[in-house]
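Biologist: I would like a close look at a single part of this entry, followed by the setting around it.

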Amino acid sequence: IKRITTHILQEMKGRGEKISMLTAYDFSMARIVDGAGMDIILVGDSASNVMAGHETTLPITLDQMIYHAASVVRGVKRALVVVDLPFGSYQGNSSEALRSTIRIMKESGAHAIKLEGGMEIKESVIRVLSAGVPVMGHLGLTPQSIYKFGTYAVRAREEAEANKLIADAKMLEECGCFAIVLEKIPAILAKRVAEEVKIPMIGIGAGPHVDGQVLVLHDLVGITKDFNPKFLRRYADVHTIMTEAVSQYIADVKNKEFPTEQEGY
Ligand code: KIV
Ligand code: NA
């Protein structure tokens with residue numbers, strides 16, 4: 001199997017082929033997602049929410065991200081594996097950004113890192129890129145800044161914030177980032193950025209006129225139930241499938257219908 005590289009992603013944008021991206025946090029799920037043919041697998045700090053049960057992405061640690069990333073890498077043959085730098089591991093200190101990145105690359109075997117923000121983190125982006133590690137940007141509703149925003153509402157509806165987002169995207173491109181996630185911004189703005197910036201724009205709640213899409217695995221397959229934004233399409237109801245399977249198992253144990261003599265030694 002030919003591995004996906006940042007160069008292949010750039011070619012895909014060039015020929016108008018949409019890029020598929022999805023999160024995974026463990027070996028078994030990564031095997032399924034990679035086996036299905038995903039282009040990019042993101043070891044997102046959304047693991048803080050869906051794996052650890054935290055309300056926000058802020059509590060997850062670098063060590064925990066490395067554990068998830070190493071597990072994912074062992075299950076992937078083809079996809080490009082991108083790992084989120086967690087909150088507190090890169091902001092305002094480019095040396096720490098590089099140190100965190102080097103730990104992720106060495107200890108997990110991942111292929112690239114992602115960090116949130118624009119001008120504020122420019123030095124960190126440059127420093128990581130100068131070490132030869134591909135960087136993915138993330139603009140719009142950046143969840144590590146949720147307490148600054150105070151709401152999960154759509155970002156960059158106002159002209160000032162939209163202009164800053166465009167300038168940040170161009171800055172990240174000039175620095176040498178290979179792609180940018182655009183989260184929960186107006187579709188018309190995402191379209192404009194995807195046209196004006198040559199590196200791939202991967203959207204989540206950013207409409208159809210971008211170069212690719214990303215979702216959280218647990219949302220896509222319907223393991224999570226209580227998260228229902230307009231941008232989320234559920235492709236399965238795994239919550240119901242698993243609940244039925246587990247309930248049947250409980251009933252079979254209670255009713256002495258599992259195991260049978262044939263299922264023993
Ligand atoms: O952590 C995450 O899952 C993400 C995606 C939603 C882009 O950053
Ligand atoms: Na993230």
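Biologist: Where is A156 found, and between which helices does its loop run?

Modeller: A156 is in the loop between α7 (146–149) and α8 (159–175). This is a predicted model, in which local features need pLDDT of at least 70 and side-chain atom pairs count only at pLDDT 80 or more, while totals for chains, interfaces and linings use all residues. Residues are numbered from 1 along each chain as its sequence is written, and chains are lettered from A and ligands numbered from 1 in the order in which they are written. Helices (H or I, at least four residues) and strands (E, at least two) are DSSP runs, numbered from the N terminus.

The backbone at A156 has a phi near 60 degrees, a positive value in a residue other than glycine. Most residues other than glycine have a negative phi, and most peptide bonds are trans. A cis bond is present between F258 and P259, with omega about -5 degrees; P259 sits in the segment after α11 (238–254).

Angles run from 0 to 180 degrees between N-to-C directions of axes, which are lines fitted to C-alpha atoms, for helices over the stretch in contact. β2 (residues 40–43) and β3 (residues 80–84) share 4 parallel bridges, and L42 faces V82 of β3.

L42 also belongs to the residues around ligand 1, together with T23, G44, D45, S46, D84, V181, I204, V214 and V216; the criterion is a C-beta atom, placed from the backbone, within 6 Å of the molecule. This shell has 5 nonpolar, 3 polar and 2 charged residues. Nonpolar covers Ala, Val, Leu, Ile, Met, Phe, Trp, Tyr, Cys and Pro, charged covers Asp, Glu, Lys and Arg, and polar covers the others, Gly among them.

The axes of α4 (residues 62–73) and α5 (residues 94–108) come within 9 Å, crossing at roughly 35 degrees. Their contact includes M65 and I66 of α4 and R103 and I104 of α5.

Technical notes
Two residues are in contact if their C-beta atoms, placed from the backbone, lie within 7 Å. Two strands pair if DSSP finds at least two bridges between them.
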